[in-house]
Amino acid sequence: MLGVMPRVSDEHLAARRQQILDAARRCFLRDGFHNTSMQDVIAEAGLSVGAVYRYFPSKNDLITSIAQTVIGGADEIFAELARHEPPLPLSEVLERALTYVDSQTGEDGVLRLAIQVWSESLRDPALAEFVRTTYTGFREHFVAMARRARDAGELPPEADPAAVGTALFGLVPGYFMQRILTGSPNRASYLAGVRTLLAG
């Protein structure tokens, strides 16, 4: 009688996939997308070639999956801010968004990978479409927050929520790019500068 091959559990498959993604993330943070090969990821993960290629047939598949991980956490935070009851003042929205940013800008923070994702999206049409769709979604969360702020009387009735939300969202990558590229400003001084601009 032939033995039945045991089925691999979904949990095992998910854990193996995450093991590969974690290895790829370490490689990408250390050496960048272009200087990392699939062989580097395989060695970092400590798995066989076949095991890695089963989950990720190419480096682009790995990059796209990393991008989804990087972006997913931010989308959750922004969606929560947009749904908050009662609606938050826009200055508090920005402060909470930047608090999340600060938690993700360290040496192994996902936002260091975000900048690499942007760069790679200029070369890869599929990744470019993913980035465009995702960042449009981010912006829509901020437009929704601006609309709620206008309806709550924080903004004048004639304010255009699309314009306000777009400008407010732009302050978030502006902050983390400066933090990553120059090491400053800190959140308090950035928020103080924004408040001064808004009061003008």
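The second largest cavity holds about 30 Å³ of space. This is a predicted model, and a search of the whole structure finds 2 cavities of 30 Å³ or more. The protein chain has 9 helices and 0 strands.

**Second largest cavity**

- The residues that line the second largest cavity are L81, A82, P87, L88, V93, M145 and R148.
- By class, the lining of the second largest cavity has 6 nonpolar residues, no polar residues and 1 charged residue.

**Largest cavity**

- The largest cavity contains about 110 Å³ of space.
- Its lining is made up of 14 residues, and A74, L111, Y135, F138 and F176 are the closest to the centre.
- At least two lining residues come from each of α4, α5 (90-103), α6, α7 (125-151) and α8 (161-182).
- The lining of the largest cavity divides into 14 nonpolar, no polar and no charged residues.

**Largest pocket**

- About 310 Å³ of space lies in the largest pocket.
- The pocket is lined by 14 residues, and those nearest its centre are L90, L168, L171, V194 and L198.
- Helices α5, α8 and α9 (187-199) are the elements that give two or more residues to the pocket lining.
- Helix α9 provides the largest share of that lining, with 5 residues.
- By class, the lining of the largest pocket has 11 nonpolar, 1 polar and 2 charged residues.

**Contact of α5 with α7**

- The axes of α5 and α7 come within 10 Å and cross at roughly 155°.
- Angles over 145 degrees count as roughly antiparallel, so α5 is roughly antiparallel to α7.
- On the α5 side the contact is made by L90, V93 and A97, and on the α7 side by F142, M145, A146 and A149.
- By class, this contact has 7 nonpolar, no polar and no charged residues.
- V93 of α5 and M145 of α7 take part in this contact, and both also line the second largest cavity.
- L90 of α5, another residue of the contact, is among the residues nearest the centre of the largest pocket.

**Contact of α4 with α6**

- Helix α4 (residues 59-83) and helix α6 (residues 110-121) have axes that come within 10 Å and cross at roughly 130°.
- That angle makes α4 oblique to α6.
- The crossing of α4 and α6 is left-handed.
- Helix α4 makes the contact through N60, I63, I66, A67 and V70, and helix α6 through V110, L113, A114, V117 and E120.
- The residues of the contact of α4 with α6 divide into 8 nonpolar, 1 polar and 1 charged.
- Both α4 and α6 also supply at least two residues each to the lining of the largest cavity.

**Chain as a whole**

- From the N terminus on, the elements of the protein chain run α-α-α-α-α-α-α-α-α.
- Taken along the principal axes, the C-alpha atoms of the protein chain fill a box of roughly 75 × 40 × 30 Å.

Methods:
Residues numbered from 1 in each chain as written. Predicted model: local features only at pLDDT ≥ 70, side-chain atom pairs only at ≥ 80, totals over all residues. Heavy atoms only, no water. Axes fitted to C-alpha atoms, helices over the stretch in contact; angles between N-to-C directions. Helix = DSSP H or I, 4+ residues; strand = E, 2+ residues; numbered from the N terminus. Parallel < 35°, antiparallel > 145°, perpendicular 65-115°, else oblique. Left-handed = near helix turned anticlockwise from the far one by under 90°. Contact = heavy atoms within 4.5 Å. Nonpolar A, V, L, I, M, F, W, Y, C, P; charged D, E, K, R; others polar. 1 Å grid on protein atoms, 1.4 Å probe; cavity = no way out; pocket = protein on both sides within 12 Å on 5 of 7 lines; lining within 4 Å. Points joined across faces, edges and corners; volume = space filled by probe spheres on them.
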